[in-house]
Amino acid sequence: MEFSLLDPFLWETVIQGLLFGGVLALLSLGLNIIFGVIDVVWICYAELIMLGMYTIYFLYTDFGVPLPLAFLAGILVVAALGALLHHLVIRPILHTEPINQLLVTGGVLFFLQGLATMLFSVEFRNLGVSFGSVEVGEMYLPISRIIAFSVSIVAVVALWLFLKKTYLGTAIRAISQDRDVMPLMGVSPRRIYLVTSALGGGLAGLGACLLVLLYDIHPAIGLTFGPITFMVCVLGGLGNMIGGFIAAFIFAEFIALGGFYAEVEWGYVRAFVFFIVMMFIRPQGILGSKS
Amino acid sequence: MLTLENVSAGYGTFQALFGVSLEVRAGEAVAVIGPNGAGKTSLLRVISKVIALNGGHIAMEGQSLDSVPAHRVIELGIAHVPEHRRLFPRLTVEENLRMGAFINGARSRFDERLAFVYDLFPRMKERRHQLAGTMSGGEQQMCAIGRGLMSGPKLLLLDEPSAGLAPVIVQQVFDLVRRIRQEGYTVLIVEQNIQQVLKVVDRAYLLEVGRIKMSGASRELLENDEVRRAYIGL
């Protein structure tokens, strides 16, 4: 195929990448805030998203709950799961070697995936909600992806405002810089960690709301989005939310454009090669600090 | 205002304080002096309950602190400006000050307290959008004291405010302590710079290896031969 900047398919691909980048940016946000504040990587992060997707699916299809309410419930359920994960799994091993936290949340990943397989079977389920497409120029863009992108951007801005403008948000940023001095400010570190875990879970829940509109639900869907979310965070500089935001768009464009001139799968191959090369050039991530 | 009665405390199996009793009355400035490793910092940390109270009693205005968790001590009107300042380096000056007003009782009066702190330290107002970690040591100390004042405390605990600062700045820090006194705050200050601190406070306790060895009006201690020989080098 000949390269031309006037090619409408090329622009459609770029915009699709942009839309996907917005979703990746949202997915990376929860993982990044947990790492940035608590210094723990939730390897099972995408499995929380998976449980959120099932929550929304069953509430909507089996219980006839209106979609907006099902979304809200999905966010709250995953927020509660995030807090529970911290309370039951992370807190007891918070001060041990980091490898223990990786291993144990990795264990939770397979536990949740196995549990979902037992409870819900391996069947692929679809919410069956379609918003159609919108025609822009000569391009067709699915409205669901435009919604997902817009919600992501709003969520990123809202989180930024929360962290910047509120007492609780300031405390969340402060605790990552000096945990031991927090009680002298009248802040209970335990409470901040729990709130942050619920926030990270809530963001995973919001991610579930968007993914449930775009993809089929099955117990292993976490394996599709988990690694890519983790790589976006690492590429941006683990714990650095602005870095993660930028990296999400770079990664998404690599996948979209990389798949433009060949089969779609080549996009992923090229994106992962790019990731590996970047790890050699800049192991601390785009905006990460050296250490 | 603050009373410690036979207080023992430490870290794990290491005991830092052995049966320390002291008192700070409302409106007073009191110093705890002593050599490195005497337990001065531990004394402030046990008052803030950052380290566990292993024996004895602490009370603030008649209310027992014995079973109060660390993050609730500030609600009783005790603000602790810790050793090495411990600002949040990647928060701005104003965000650091906001953290000082985190407790519920302080938030509603944030604007008023902020104006007070900026009035006390005009330099902090100039630098309010600067990251705290990029300021000089003296400015960081001002910010740390300002952060302590943001909760509107009755008693201010100052841990080695002059440590690590250039001699000219040390003088400014002690002037600062004097001004805070004039504003009506009660101050309990821990210092190694004994000669300077004794000029600022009313009374002092001499702490050695976790025990109170001597106490009295600051003039008495300044003129005491033993103190002069051992700590002032005269």
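User: Before we dig in, what counts as a nonpolar core here?

Analyst: A nonpolar core is a set of buried Ala, Val, Leu, Ile, Met, Phe, Trp, Tyr and Cys residues joined through C-beta atoms within 7 Å. Keep in mind that this is a predicted model.

User: Thanks! How many residues does the largest nonpolar core have, and which have the most contacts inside it?

Analyst: The largest nonpolar core has 165 residues. Those with the most contacts inside it are Leu24(A), Leu26(A), Met53(A), Ile56(A) and Phe251(A), along with Leu157(B) and Ile189(B).

User: And which element gives the largest share of this core?

Analyst: That would be helix 1 of chain A, residues 8–38, from which 14 residues of the core come.

User: Which residues of helix 8 of chain A meet helix 9 of chain A?

Analyst: From helix 8 of chain A, they are Val232(A), Cys233(A), Leu235(A) and Gly236(A). They meet residues of helix 9 of chain A including Gly243(A), Gly244(A), Ile246(A) and Phe251(A). By class, this contact between helix 8 and helix 9 of chain A has eight nonpolar, three polar and no charged residues.

User: Switching topic: how many residues does each chain give to the contact between chain A and chain B?

Analyst: Chain B gives 21 residues and chain A gives 14 residues. On the side of chain B that touches chain A, helix 3 of chain B gives the most, with four residues. That side of chain B divides into 10 nonpolar, five polar and six charged residues.

User: Last one: is Thr105(A) buried or exposed?

Analyst: Thr105(A) is buried, because 21 other C-beta atoms lie within 10 Å, and the cut-off for buried is 20 or more. Thr105(A) lies in helix 4 of chain A, residues 98–120.

User: What is Thr105(A) in contact with, leaving aside neighbours within four places in sequence?

Analyst: Thr105(A) is in contact with Val41(A), Trp42(A), Ile43(A), Cys44(A) and Val89(A). Thr105(A) and Val41(A) are 64 residues apart along the chain, with their C-alpha atoms separated by 7.8 Å.

Key. Residues numbered from 1 in each chain as written. Chains lettered and ligands numbered in written order. Predicted model: local features only at pLDDT ≥ 70, side-chain atom pairs only at ≥ 80, totals over all residues. Contact = placed C-beta atoms within 7 Å. Helix = DSSP H or I, 4+ residues; strand = E, 2+ residues; numbered from the N terminus. Nonpolar A, V, L, I, M, F, W, Y, C, P; charged D, E, K, R; others polar. Buried ≥ 20, exposed ≤ 12 C-beta atoms within 10 Å, placed from the backbone.
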